[in-house]
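Here is a friendly walk through a model, written for someone who likes cut-offs stated plainly. Please have the structure open as you read.

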Amino acid sequence: MSPELIHYGLYFLLTLALSTLFAMGGVGSAIALVPTFTMMGMPFNLAKAIGLFINSASTITASIMNFFRGVLDIKFALPLVISIMIATPIGAWMSQYVPKEIVEWMLVAFLIVSAFLLLFSHRETKVVYDKAWVLYVIGGSVGIVSGMIGVGGGSLIMPLLILLGFDAKKAAYAISFVIPFSTLGAFATYLSFVKMDWLLLADVTVAAIIGGYLGDRILHYNLTAGQVKKLIGVLLLILSAKMIAKLLHITF
């Protein structure tokens with residue numbers, strides 16, 4: 001087997017596994033794929049651009065299925081769609097003027113915060129704080145940061161919505177609908193200053209679509225979202241530890 005085939009096969013299997021797992025949790029897999037691709041030697045900006053496109057592919061699949069299943073609340077998701085669609089490309093544009101190491105540390109912080117919110121954000125739903133301006137603020141602020149570090153932001157929006165009292169599955173369905181609006185705009189922005197590997201992009205996109213389909217079916221029919229989120233939270237903490245070690249030049 002040629003080294004090139006092994007190279008593309010490895011990226012395919014890795015993307016398939018992570019996209020399936022993260023779709024089960026209702027969030028995009030870019031938050032795990034971007035640091036993983038970077039640690040495998042891929043240029044950081046290319047990893048961010050591919051991660052954003054992967055998030056779009058996997059969440060579009062899930063959103064189409066959710067729409068025809070009648071579980072998607074578009075009115076609820078609309079403020080998030082508008083704010084994040086504007087903010088994420090701005091964050092992607094800003095990233096080219098920020099030193100790479102600072103953006104990598106931002107990604108580490110994003111991983112840790114997302115992990116802890118996913119692991120410890122459970123509470124009884126006594127009050128649902130559903131003011132539209134709150135959703136606009138969440139979408140706008142998460143969009144700026146996620147555009148800079150190349151992730152969709154779902155892993156941060158999800159626990160914030162749960163803290164505001166929204167049902168976890170309703171939030172997961174809404175986020176799957178929101179993410180493509182943010183990630184496609186940011187991806188287009190990255191293309192203006194990143195040299196794209198189109199064959200690799202096609203390879204991992206197919207894996208992400210299959211993973212999004214498999215993960216959504218498992219979430220809807222078989223598993224509780226809580227168990228999956230704990231698994232994702234632990235995985236994000238492991239990735240953040242590996243990134244910190246890389247940034248501090250620590251070898252194990």
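## Starting at leucine 46

Leaving aside neighbours within four places in sequence, leucine 46 is in contact with Val194, Lys195, Met196 and Asp197, where contact means heavy atoms within 4.5 Å. Leucine 46 sits in helix α3, residues 44-69; helices here are DSSP runs of H or I with at least four residues, strands are runs of E with at least two, and both are numbered from the N terminus. With a relative accessibility of 11%, leucine 46 counts as buried (buried means under 20% relative accessible area, exposed over 50%, and partly exposed in between, with a 1.4 Å probe and protein chains only). Leucine 191 is 145 residues away along the chain from leucine 46, and their C-alpha atoms are separated by 9.0 Å.

## About the model

This is a predicted model, in which local features need pLDDT of at least 70 and side-chain atom pairs count only at pLDDT 80 or more, while totals for chains, interfaces and linings use all residues. Residues are numbered from 1 along each chain as its sequence is written, and side-chain values use heavy atoms, with hydrogens and water left out.

## The chain as a whole

How many helices and strands does the chain have? There are 10 helices and 0 strands, so the order of elements from the N terminus reads α-α-α-α-α-α-α-α-α-α. The radius of gyration is 17 Å, close to the 18 Å that the globule rule gives for 252 residues, so the chain is as compact as a globular protein of that length. For this comparison, the radius of gyration is taken over C-alpha atoms, and the globule rule is 2.2 Å times the number of residues to the power 0.38.

Along the principal axes, the C-alpha atoms fill a box of roughly 55 × 40 × 35 Å. Of the 252 residues, 54% count as buried. Among contacts between residues at least 6 apart in sequence, 85% join residues at least 24 apart.

## Helices α4 and α8

Two packed helices are described by the angle between their axes and the distance between the axes. Axes are lines fitted to C-alpha atoms, for helices over the stretch in contact, and angles run from 0 to 180 degrees between N-to-C directions. For α4 (residues 74-95) and α8 (residues 168-191), the axes come within 8 Å and cross at roughly 30°. The two helices are therefore roughly parallel to each other; angles under 35 degrees count as roughly parallel, over 145 as roughly antiparallel, 65 to 115 as roughly perpendicular, and the rest as oblique.

Ala, Val, Leu, Ile, Met, Phe, Trp, Tyr, Cys and Pro count as nonpolar, Asp, Glu, Lys and Arg as charged, and the others, Gly among them, as polar.

## Helices α5 and α6

Helix α5 (residues 100-120) packs on helix α6 (residues 132-149) at an angle of about 125°, with the axes 9 Å apart. The pair is therefore oblique, and α5 passes α6 in a left-handed crossing. On the α5 side, the contact is made by Val103, Met106, Leu107 and Phe110, which meet Val145, Met148 and Ile149 of α6. These residues divide into 7 nonpolar, no polar and no charged.

## More residues to look at

Valine 34 belongs to helix α2, residues 30-39, and is buried, with a relative accessible area of 0%. Not counting residues up to four places away in sequence, valine 34 touches Phe44, Ala47, Lys48, Gly51, Leu107, Ile149 and Gly150. Serine 19, in helix α1 (residues 3-24), is also buried, at 2% relative accessibility.

Is lysine 246 buried or partly exposed? Lysine 246, in helix α10 (residues 225-247), is partly exposed, with a relative accessible area of 33%. Beyond four places in sequence, lysine 246 touches Thr38, Met39 and Glu104.

Methods: Left-handed = near helix turned anticlockwise from the far one by under 90°.
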